[in-house]
Amino acid sequence: MRGEALFGYLMILPALVIVMLFTAGPIVASIGLSFYQWDVISPPSFAGLSNYEQLLSDQTVLHSFWVTLGLAVSIVVLEILVGLGLALLVQQRRSNVARGTFRTIFYLPLLASASSVAIVMGYMFDQKFGVINYYLGLLGIPNIPWLTSDFGATATIVIIAVWQQVGFAFVLFIAALSSVPKDVLEAAQIDGAGPLRTFFAVKLPMISPTVLFISVVGMIGAMQLFDQPYVMTKGGPGYTTTTTVLLIYQTAFQNLQFGYGSAISVMLLVVLIGLTALQFLGARKLVFYQ
Amino acid sequence: MRLVSGSGGLSRRTLLKAGSAAAGMGALGALGGLARPALASSVAATITFAYFGDPKQATSMRESLLPLVKKVDQNADLKVVGYNGTDWNDFFAKILTQIAAGAPPDIVGVATEGVQLMAGKDLAVPLDDYVKRDMAELKEMFADVDPILIEGLMYDGHLFELPVNFNAGNMFYSTKLFKQAGLDRPADNWTMDDFQSYAKKIAAIPDVNAFDWIVRLWGSWTCFMYANGGNLLEEQRFDGGQWLWDAAYPGNASVKSRKGGWKWGAPTANSAPTVEALQLMIDLRKQGLAPSPDVGGGGTLQGLFASNRIGMTIGGGFWAGGLHNAGMTPDSFDVQYFPKWKEQKHLFGVVGNAILKSSKNQDLAWEVVKQLSAADAFDLQFPGNATTPVRRSLMTPERYKTTGPEHWSVFYDTLTKFENTTPIPAPPYYNALANALNRRTTEAIASGDAKSALDGLQKDLEAASKT
Amino acid sequence: MSSSAFPARAGRAIGLLVLIVAAIAALAPLVWTLTTSLRTPAEAFTNPPAWIPLNPDWANYSAVFEQIPLFSFFVNSVIVTGLIVIGQTITCMMSGYAFAMIRFPGRGKIFMLFLATMMVPLQATMIPVFVLIKWMGLANSLGALIVPALGGAFGTFLMRQYFLQMPRELGEAARIDGASPLQVFWKVYAPLALPPAAALATLNFSGFWSEFYRPLIFLSDQSTYTLPLGLVGLQGNLGTGSISVVLAGVVVALIPSVLLFAFAQRYFIEGITTGSFR
């Protein structure tokens, strides 16, 4: 139907123009840059594939991908489980006031900027004087070196990222659960399904597009984790919390190797495309659209 | 070169009032010595000055500097921008983006961390000819600034910046905790053994860190490294610079040891004295005298110190303002020279203003750069003892009366009392060095093995020094 | 139904307990920020922390307003965030709908392209974007932040997922009744999309309100600074600012967003979906 196709194009036009101009264009430029050596100050010099050759044997870069993947999977899984759990519990509340209050509370962490959160958390997670170790101490747990041990630093980043991002999944799940048509729920109730059965048989499938969305977007976001390692650990101890984007930033802006940094970005792009495709493939089996 | 009439220690409101055009014009009359005909350019020139610091000062600085710019070129305009950040990295990233986009500033305030980068990469203009030409005017400044700070801004025998502020790594201590532990102020030439026995006594007080530190290049375990006679890179000096010493400090014996700037050579990260210094930090932690350090700007460190949780730590003149803002009274903390290990060697960093080669108005920029080093320009740019002035004349009891510490003279005397005071090792590849240093330090703390971490650092530096 | 009343009630009680614990975890850092901002920095490390400030010291808050032009930062943030949220809600609702409900050639490929644009970090594209912005004359203005964000892959993706969840029968019935594609969108599906649109607006609001990095790189004039960037000024050079004042600034920045959300969420997220589908 010609009219319908035209309508479709017109509808996507505004978003398309903006995205193409300000995101796709620069990405293409960045990909192009990956074939050059550029220190920002002098003109770029063509380098062919040498950046990529260097990339494949660079242990630091490869290690950063593993670190980032580990962090991202932990964060996204926790985010979905905790976000969905909280959304279900909040929707269960009968009073409007209770629902509204809890919704506001769980949304709040999202509003704080990453640098503010990092400052506050830096104080709270301090090994000797931080609040967290103080209360853990009351439970008999010895001081955990949160930011200065391999495990501690990783755990801290995951905790803080989940703390801040849960609001994201939470808000989306609330909207999704609210959109489940009431007549379907009533039908399930009439059929005698208890809350657990209703959840797995009715609610979960109906919100599965949202789960996919949070999973894909969450992964893409978490794989680009930058703020927390940048402010709190600077990638340490050693290279334990050096995420790929932190490495890109340091390579490009501090070591003045923009071409190499762009090459790492291209590799990240490829990895993300792969991960997203994987999730969409899984979705074919698991996600239910109307 | 008086910019604005008034004494040191101005409040912000006074500064804003003083920055009005009237005061500026009045002060201009006092200038006298600047006898240069006013130029009128055909195209309106705009000078942009970017500095790392409080953006709030930008407006008042512009008001004070603009009349001077106009005096040299009636059609010129001045733009002053201040960028804040926890460390120089943020500032550099911003400047680099602007350079990349073709909108670089004309004048940039740069610290030791970036001087060699700017000079080595041919970004900054060597100021030699300007300095020689205007030596009569500048003699007063040179006389007021210790030559070592000047050499810190030189590279390959050329001067790239006029200095504004500096910070040396001294030992700050809590007078309250010292009293509690029954300790007197340590002697000027106290040793590492003294330091450790002091630390042990303070550690006996519950809920307190005897010593604390952060991971970075300036003022970290690197101070211990210097005191132990070690360094990350080979210390060499450039020849040259004689033109400056002869012209600016004629007949002054103290410039005999001055040359053409520090030339940082091959990496020595895993040399014995360096490893020993890092191992000491690990041992301090094992003995419970120091905790695991934080990485970064030191906000937590100052907060802890201000709540009397830290006995001793390394700080520079900028701590005077910082601790004051954190609520400490002037008598609750004090400063002493860094203790002597194999030698009593201090590190320092100095900040000045450079002119970028890309600037289309270098002559005009030079006029502004000179004014920025004026005595009264200091408090305009850095109120509240947020850093240490390079000018001896500004180091007065009045300056430190509100903030403390009592022995503020230590800050400047660190430069003059010791022959071996040396700037931090900041080669043209400073950023790669700093990142590698941070990473390997935290690695060493986490693993407890200084040697293998520093072997790794040695490799990192060797790779970085080649690019 | 009532045969399982008791376990149901216990389940709900446990649910409430879990919610309360989670709420404490969510709020604790924010409450700590608030109480510490009301004390001197020296007390920032006393444990146990005084969760309820007995002698609140409001001097830190006046210091925030003194040290930085907070009002102008606030206005800038409102303008930038407001325009971005409005713009994205419109463009993403349109594009999300089209990708979900309308067939047109190349639909799948273009959507993949959208997704791919989310996968390259800002740090990598920053310089090309900055060059582009400068070339368009937007540098150092609020436009530099607003224009590139008026459309988004994220928002498009979100709306598409929600539109896919909606029953197609409604649209088909409307078409049979003679509605044009535009009317189908406007009269049938757009109203149903209010919860996800509200969710998108909410998420965009929090995301762009607290954005730090783009303002850091694209803005150089303090008069254009948005709130998170302006607040960094409180930290002082090399961290010499008072921590309590910094935290006071954080609180001040949070308050408007909190108020807005507390007020608005009731209307959007719950409100209109109580109507059941035919």
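**Figure 1. Surroundings of H63(A) in the predicted model.** With 16 C-beta neighbours inside 10 Å, H63(A) counts as partly exposed, because that class lies between the buried residues, which have 20 or more such neighbours, and the exposed ones, which have 12 or fewer. The view, like those that follow, is taken from a predicted model rather than from an experiment. H63(A) belongs to helix α3 of chain A, which covers residues 59-92. From H63(A) to K128(A) the separation is 65 residues in sequence, and the C-alpha atoms of H63(A) and K128(A) are 31 Å apart in space.

**Figure 2. Helix α5 of chain B and the elements packed around it.** Helix α5 of chain B, residues 112-120, is mostly covered, with eight of its nine residues buried. These buried residues are T112(B), E113(B), G114(B), V115(B), Q116(B), L117(B), M118(B) and A119(B). Among the elements of chain B against which the buried residues of α5(B) pack are the helices α4 (88-100) and α20 (430-447), and the strands β3 (107-111), β4 (154-155), β15 (347-355) and β17 (422-423) of chain B also take part in this packing. After α5(B) comes D122(B), which has a positive phi, near 65 degrees. As background to this view, chain B contains 21 helices and 17 strands, and 60% of its 467 residues count as buried. Of the contacts in chain B between residues at least 6 apart in sequence, 82% join residues at least 24 apart.

**Figure 3. A four-stranded open sheet in chain B.** The strands of this sheet of chain B follow the order β8-β13-β7-β14, and their pairing is mixed. Strands β8 (209-212) and β14 (333-336) of chain B stand at the edges and have a single partner strand each, so one side of each is left without a neighbour in the sheet. On average, and with direction ignored, neighbouring strands of the sheet are turned by 20 degrees against each other. Strand β7 of chain B, residues 170-174, runs antiparallel to β14(B) and is joined to it by four bridges. M171(B) stands opposite Q336(B), a residue of β14(B).

**Figure 4. The largest nonpolar core.** This core holds 324 residues, of which F173(A), I47(B), F160(B), V368(B) and Y97(C) touch the most other members. Helix α7 of chain A, residues 150-179, gives the most to the core, contributing 18 residues. When residues up to four places away in sequence are not counted, V368(B) touches I47(B), F49(B), L65(B), V69(B) and I107(B). In soluble globular proteins, nonpolar side chains tend to be buried together.

**Figure 5. The contact between chain C and chain A.** Chain C brings 86 residues to this contact and chain A brings 81 residues. On the side of chain C that touches chain A, helix α1 of chain C (residues 5-37) gives the most, with 12 residues. By class, the residues on that side of chain C comprise 60 nonpolar, 20 polar and six charged.

**Figure 6. The two domains of chain C.** Chain C is divided into domain 1, residues 2-57, and domain 2, residues 68-274, and the C-alpha centres of these two domains lie 30 Å apart. Where the domains touch, eight residues come from domain 1 of chain C and seven residues from domain 2 of chain C. The side of domain 1 of chain C that touches domain 2 of chain C has three nonpolar, four polar and one charged residues.

Technical notes:
Residues are numbered from 1 along each chain as its sequence is written. Chains are lettered from A and ligands numbered from 1 in the order in which they are written. This is a predicted model: local features need pLDDT of at least 70, side-chain atom pairs count only at pLDDT 80 or more; totals for chains, interfaces and linings use all residues. Domain bounds come from an automatic or database domain assignment. Two residues are in contact if their C-beta atoms, placed from the backbone, lie within 7 Å. Ala, Val, Leu, Ile, Met, Phe, Trp, Tyr, Cys and Pro count as nonpolar, Asp, Glu, Lys and Arg as charged, and the others, Gly among them, as polar. A nonpolar core is a set of buried Ala, Val, Leu, Ile, Met, Phe, Trp, Tyr and Cys residues joined through C-beta atoms within 7 Å. Helices (H or I, at least four residues) and strands (E, at least two) are DSSP runs, numbered from the N terminus. Two strands pair if DSSP finds at least two bridges between them. Axes are lines fitted to C-alpha atoms, for helices over the stretch in contact, and angles run from 0 to 180 degrees between N-to-C directions.
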